[in-house]
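Good morning, and thank you for joining this group meeting. I ask that you keep the sequence and the model in view while I speak.

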Amino acid sequence: MSRFFRLATDCFFVDGAREGALYDVHGGRLLLLQGPALALVRRCERNEPVGDDATEAELRILAELRDRDLGFFDDDPAFVDKMLIRQPIEWLGMAMAPPAFKKATWAITQACDLHCALCGRAEETVSWQSCQTCLRRDRDMPQRRLPVGATQRVEEIAALGVRLLHIRGGNPLLAWEVLVPVVEAARRFELPVVVTTPGTGRGVDGILDLLRGGGVELNLVMFGLDPAAVEQACGHKEVLAHQLALIAALAELEMPFYVTGLLMGGVPAERQRLESFFGAAWRDRLGFAEVYERQAIQDGMRSRDAAEAMPRLTPWSSVEEFYFRLHYNPCTFGNFEIGADGALRSCAGLSAVHADLQEGGLQRALSGDGLYEEWRRDPMTSAACRACCLRYACSPCPALAGRTDEGAALQAAHCPRTALGTEPRSPDDAQQPAGLLEIVTVAGPAG
Amino acid sequence: MTPVSHETAPSRASSGSTRVTVTVRSASGRDYLYDDITGSIFPWNKLREQALAAEASGTTDHVYRQLEGKYPVADIEAAHRFIRKWRDLYGAFLRVQGNDMPASPPAEELEREIRKKSFQILLILTEDCNLRCKYCALSEVYPYNRARTKRRMSAETARRAIDYYVALVEPQRAGNPRKRFGLSLYGGEPTMNMPVVRSVLDYCRGRYPGLFQPVMTTNGTALTPRTVEALVEHDVSLAISIDGPAHEHDRLRLDAHGRGSWERIARNLRRIKREHPAYWANRLMSLSVYDWATDVEAVEAFFAEHPELLPRSIFVNPVKAENTSWYDRYTAADRQRIAGAMQRLRSRYMTAKIKGEATSSYMDAIAGTRIAMVQLRRRIADSRHPYLPFSGSCLPGDKIAVRVDGTIDMCERVDGRHPIGHLDHGGIDYHRVREVVEEYRTRVLSGCAGCPVTRHCGLCFAFFEGASGYEQRSGLCEATVADVASRLADYISILEQNPRADFRFETDTMRLEESLLFGC
């Protein structure tokens, strides 16, 4: 007698042509389907019966799914109304729900006292997560004076419900006359601040005085720990010594800070040195960004270090987060950047200008649609990513999305699916039916 | 994995819980269960039903022993796990009674809530009209309603209303730069007060550029070239009352001399299309009304056959049945006739959706809306107004309708006997809102916790206005539950045959998301 098998209301099947994925929303599990398992699930989702001629392997797959509460057998075909957690409604042009602003980035200066070879050459380079660093798009871009003062700007940002103000540049320490009022205003509005800087341009004592009032932390951009490598990266000899002195002072005063390792041209050794120096306890506060010459990518350069540092598949931490990921890019969502040129963009790694703050200010700039379009998932992922069945467990940097040609190698190096290989196996695959693989994820690069 | 946070705490089956589900059967004969706790629809069968019944009665061990001879053990265990999973995550299927109506909020809290959520202001620009439609809300047909007068809103009152409203919603604007608010230009017939229409539109553009989305509801007879130019200039969406072809429309929509209005409307539509084709295509909409004498199938054919003339239909509503003797003129045969016609339209709509064929906008509005609304039902994470649990109603203040003299009502559909404020007295009176809400909660909502279709409920204050305030209407809730069950069955029946069926349609207030989960 034929029976039918359908996936559960809260189990989503994403077909990626050559393989598929099952997202167990409440269970937080992600299963990869290949070969016979994929073909079988496809047939079942088309309401084709599981007849008496079903193979033992097929029955084992379906039993496995049933026992994991990912599907059910029934005597009749069924329509399965997949679970949603909110009304699928969008009020016509009225933006009923306020945008969930998370982070505002403000590049308060173009000025920098370093001479990093790959900085300010966005057209000739490819970068990954440069938004976490002091990298500039265009070192020759003129800086425009904004029409409102620092305090008013901070007040506007705070009124949006932003949870973090990220100050970057160039080197914000060189714009002290702007930085101090911004920090003081942010304190008044109880808006946390992170200042991204290489730490140069100001004495250690001056930096500590700024931080002492609380509410602000440094994100120190480092180029490595080998003096020669650092000098090659940033063009100055004494930078590393200054940074180490600053770190020591912060550590002595128990002031928390972040570090972002900016790797130029893929220098794997410096990444390892930084990870060793800071140790496992720094896992959440040590990040990395990379910037490469486009030509080097075209010439086939690959970052072996990046291959190890790639973002892993990240399981969703809540049901809400799962549904969020269906529609929004976790990287861009909720963020905007006020450039040193007065332009509104999504982040430092993306070039599209959404508005000019000189014309009507921040509120006016945020009333357009461009920024919010870049918050959505699809516009900010590459064609390859959109076709991948694992895309909802992945958080690619959208700065790579538009560069599928030049950045293909770099993007591939950052692709968790690539890391799984062509014949992925779970640690205990003898227990898995053929073609059904529960993907084991890790939280991130070992630190 | 933590479930979605929601208002009702999950609980095990216990006395004091009410099952809040609806079981429906699709056209193919398959059963489904709608759960009002989560808003989910589950494929259903006898085994699951017995598992849920056992859970609800606390007799799971006994029941499962009985089932062992009838079903494979693995299936019984799977059904048990299914029920337990949804019960543990969300307290699905059963709603705990007794603690669902929080205390009435103080006025200050209501004010905060309204200022956070209000989304539309309506200006009743005039109580006058150049027509005498037989079912008019301002006529003797509705004795509780306000009556037609010659009063018109002044430009000053209109500006004051706008200023008041902008101040009211200021907390939203700071945190939502994209937020726009509805500005509805209403009447009577608003084109009879065009000087004030122009004045308020100019005022909004000058003082609050881009803040409002204006829409005008009109009988379409007085859309002179100059009037239309003003509406085009300010990008006003235009909802025109068109009940059908001339003989149908002119049956009920007449002027003071008893003359039909259809020809005037048709002339205006042709001219607008000729002179402002983009505006005609993008901003004009039809509103239609029908009663038991309407040949709705002929009207649908008329709309289907004349898309070149008729703007897309967005709302098709029956003549309002509450507080009127309108339908006393009709017989049971009339009722049967209209029911048959509606059934045939419904059937054609469903067939078209199953086959992926196009449907007219009138068909979508009269037959499709009720089905498509299933897709738009509220889900587990959609919050309700805490003061109006389980109700589909707005909170008074979510919309405000300002009358010609500055009196503020909660919307244009209410009969006007329960105003909530006045421009001259500080605007919304939040103590009055509290009184209105409390009366509504006490008299109308007390039984809602046991309702299995609260996430579909569209009943609001306007439905429950009675001779002495708000009152429950006998049979209305039961009819609503039955209607929702029917809609659920229709919805599921379509999707069983065509999982890709396109329910997308537009109204002046909502559009389905472009891509739903994995449906594209």
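Predicted model: local features only at pLDDT ≥ 70, side-chain atom pairs only at ≥ 80, totals over all residues.

Two strands are said to pair if DSSP finds at least two bridges between them.

Chain A contains 16 helices and 17 strands. Of the 447 residues in chain A, 54% are buried. When we take the contacts in chain A between residues at least 6 apart in sequence, 74% of them join residues at least 24 apart.

In which order do the 10 strands of the open sheet in chain A lie? The order is β8-β13-β12-β11-β10-β9-β7-β14-β15-β16, and the pairing is mixed. At the edges stand β8 (125-128) and β16 (355-356) of chain A; each has a single partner strand, so one side of each is left without a neighbour in the sheet.

Within this sheet, please look at strand β11 (residues 216-222) of chain A and strand β12 (residues 258-264) of chain A, which pair in the parallel sense over four bridges. Here A:M222 stands opposite A:G261 in β12(A).

A further residue of chain A deserves a moment. A:I297 belongs to helix α9 (residues 294-298) of chain A. Is A:I297 buried or exposed? A:I297 is buried, because its relative accessible area is 6%, and the cut-off for buried is under 20%. Along the chain, A:I297 and A:T125 are 172 residues apart, yet 9.2 Å separates their C-alpha atoms.

I now move to chain B and to its strand β3 (residues 31-35), which is mostly covered, with four of its five residues buried. On one hand, β3(B) is joined by five bridges to strand β2 (residues 21-25) of chain B, and the two run antiparallel. In that pairing, B:T23 has B:L33 in β3(B) as its bridge partner. The hairpin of β2(B) and β3(B) has five residues between the strands, and B:G29 takes a positive phi near 95° there.

On the other hand, β3(B) pairs with β4(B) in the antiparallel sense, over three bridges.

Next, the salt bridges. Side chains of opposite charge can pair when their charged atoms come close. Over all chains, a search of the whole structure finds 63 salt bridges.

One of them joins A:D15 and A:R42, whose closest N and O atoms are 2.7 Å apart. This pair links distant parts of the chain, 27 residues apart: A:D15 lies in strand β2 (residues 11-15) of chain A, and A:R42 in helix α1 (residues 35-45) of chain A. A:D15 counts as partly exposed because its relative accessibility is 35%, and A:R42 is partly exposed at 23%.

Another salt bridge is formed by A:D341 and A:R345, with the closest N and O atoms 2.8 Å apart. A:D341 is buried, with a relative accessible area of 11%, and A:R345 counts as buried at 6%.

In chain B, a salt bridge connects B:E300 with B:R348, and 2.9 Å separates the closest N and O atoms. B:E300 lies in helix α12 (residues 296-305) of chain B and B:R348 in helix α13 (residues 332-355) of chain B, so the pair ties together parts 48 residues apart in sequence. B:E300 is buried at 3% relative accessible area, whereas B:R348, at 41%, counts as partly exposed.

Finally, I come to the interface. How many residues of chain B are in contact with chain A? There are 56, and they touch 55 residues of chain A. The two chains bury about 4900 Å² between them, 58% of it on carbon and sulfur atoms.

Across this interface the rule finds seven salt bridges. In one of these, the side chains of A:R66 and B:D75 meet at 4.0 Å, N to O. Both residues belong to a network of salt bridges that links A:R3, A:R66, A:D67, A:D75 and B:D75.

Between chain B and chain A, 18 residue pairs are in polar contact. Among the elements that give two or more residues to the side of chain B that touches chain A are β4 (41-43), α3 (73-90) and α16 (476-497) of chain B. The largest share of that side, eight residues, comes from α3(B). By class, the side has 28 nonpolar, 12 polar and 16 charged residues.

Definitions and conventions. Residues numbered from 1 in each chain as written. Chains lettered and ligands numbered in written order. Heavy atoms only, no water. Contact = heavy atoms within 4.5 Å. Buried area = accessible area lost by both parts, 1.4 Å probe. Polar contact = N/O pair within 3.5 Å; in protein donor to acceptor, adjacent residues only side chain to side chain. Nonpolar A, V, L, I, M, F, W, Y, C, P; charged D, E, K, R; others polar. Buried < 20%, exposed > 50% of the residue type's maximum accessible area, 1.4 Å probe, protein only.
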